[in-house]
Amino acid sequence: FGCGKSTLAEVMNSLVYRPLKCEHATGPALFRTIEQFGPTCIIDEADSFLDGNEEMRGLCNSGHRRGGGFIRCIGDDNTPHKFSTVGPKIILGIGKRAGTVMDRSINFDLQRKGEGDKAERILSIVRFHKGLREHRSKMKRWADDHLPVLEGSNPDMPTLRADRALDNWRPLFAIAEQVGVDWPERVQEASLAIDGKGNTNEGE
């Protein structure tokens with residue numbers, strides 16, 4: 001409690017592509033939304049509805065790679081239709097998620113602000129969103145300009161705990177490689193701290 005996860009959700013809601021922030025959703029509602037709008041799902045309060053929900057766990061797992069989806073029958077004639085579950089998902093909640101979800105994620109813990117720590121408070125969400133609008137536009141333009149290079153990138157990767165961890169981090173290494181300056185070193189430091197060989201993600 002009080003670690004700032006909902007504040008982080010607001011920050012991401014201002015920066016990511018096609019943000020969809022929700023504190024509760026059913027599996028059918030969410031995979032239909034993903035199919036129709038292709039959003040970045042920002043799932044807050046995950047401990048209250050995602051944990052123990054096998055359909056939601058399957059949705060998160062299947063959406064990890066391109067081509068993942070759910071097949072459901074729709075319409076009066078029950079025509080089979082594949083709903084895509086692919087897309088970025090930011091999951092925030094107290095405690096750990098299921099092991100299969102955590103294995104497909106880059107996981108990190110937030111900590112409460114200490115007595116000596118100082119941080120500027122967000123007094124107006126509306127002004128906050130407006131202030132970050134220009135940054136989001138610049139990131140979108142940069143991504144559009146560099147997408148062909150990023151898709152063909154094969155960046156040098158450190159030794160991480162598992163092949164799936166390498167899959168999780170590879171896009172960030174590719175982006176850092178294109179941005180340059182000290183970003184490759186910063187991403188490598190973060191990846192080793194979170195998913196270095198010997199680290200494990202344990203879920204229930």
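The legends below describe close-up views of a predicted model.

In this predicted model, local features need pLDDT of at least 70 and side-chain atom pairs count only at pLDDT 80 or more, whereas totals for chains, interfaces and linings use all residues. Residues are numbered from 1 along each chain as its sequence is written, and side-chain values use heavy atoms, with hydrogens and water left out.

View 1. When residues up to four places away in sequence are not counted, Ile43 touches Cys22, Leu30, Phe49, Ile90, Ile91 and Leu92, contact meaning heavy atoms within 4.5 Å. In soluble globular proteins, nonpolar side chains tend to be buried together.

View 2. Within helix 4, the residues Met56, Leu59, Cys60 and Asn61 are buried; here buried means under 20% relative accessible area, exposed over 50%, and partly exposed in between (1.4 Å probe, protein chains only). The cover over the buried residues of this helix includes helix 2 (27–37), helix 3 (46–49), strand 3, strand 5 (89–91) and helix 5 (99–103). Asn61 has its place in helix 4 (residues 54–62) and counts as buried because its relative accessible area is 16%. Its side chain is joined to that of Thr100 by a polar contact of 3.1 Å, the term standing for a pair of N or O atoms within 3.5 Å in which, within protein, one must be able to donate a hydrogen and the other to accept it, and for which residues adjacent in sequence count only if both atoms are side-chain atoms. Leaving aside neighbours within four places in sequence, Asn61 is in contact with Thr100, Val101 and Arg104. At the start of helix 4, a side-chain oxygen of Asn53 reaches to within 3.1 Å of the backbone nitrogen of Glu55.

View 3. In helix 1 (residues 5–15), the buried residues are Lys5, Ala9, Glu10, Asn13 and Ser14, and their cover includes strand 1 (19–22), strand 2 and helix 6 (125–151). Lys21 forms a salt bridge with Glu10, the closest N and O atoms being 3.9 Å apart; such a bridge is a side-chain nitrogen of Lys or Arg within 4 Å of a carboxyl oxygen of Asp or Glu. This pair links distant parts of the chain, with Lys21 in strand 1 and Glu10 in helix 1, eleven residues apart. Glu10 is buried, with a relative accessible area of 18%, while Lys21 is partly exposed at 27%. Lys21 also has a salt bridge with Glu23, for which the closest N and O atoms are 2.5 Å apart, and Glu23 is partly exposed at 37%.

View 4. Leu172, Ile175, Val179, Val181 and Trp183 form a nonpolar patch on the surface, with about 450 Å² of accessible area together. Patches are made of residues with over 30% relative accessible area and no salt bridge, like charges being joined within 9 Å and nonpolar side chains (Val, Leu, Ile, Met, Phe, Trp, Tyr) within 5 Å, and the areas come from the Shrake-Rupley method with a 1.4 Å probe, only the protein chains shown counting as cover for residues. Helix 7 (residues 163–179) supplies the largest share of the patch, three residues. Val181 is found in the loop between helix 7 and helix 8 (183–195), counts as exposed because its relative accessibility is 76%, and has a phi near 55°, a positive value in a residue other than glycine. Gln178, in helix 7, touches Trp142, His146, Val149 and Leu150 when residues up to four places away in sequence are not counted.

Notes:
Helices (H or I, at least four residues) and strands (E, at least two) are DSSP runs, numbered from the N terminus.
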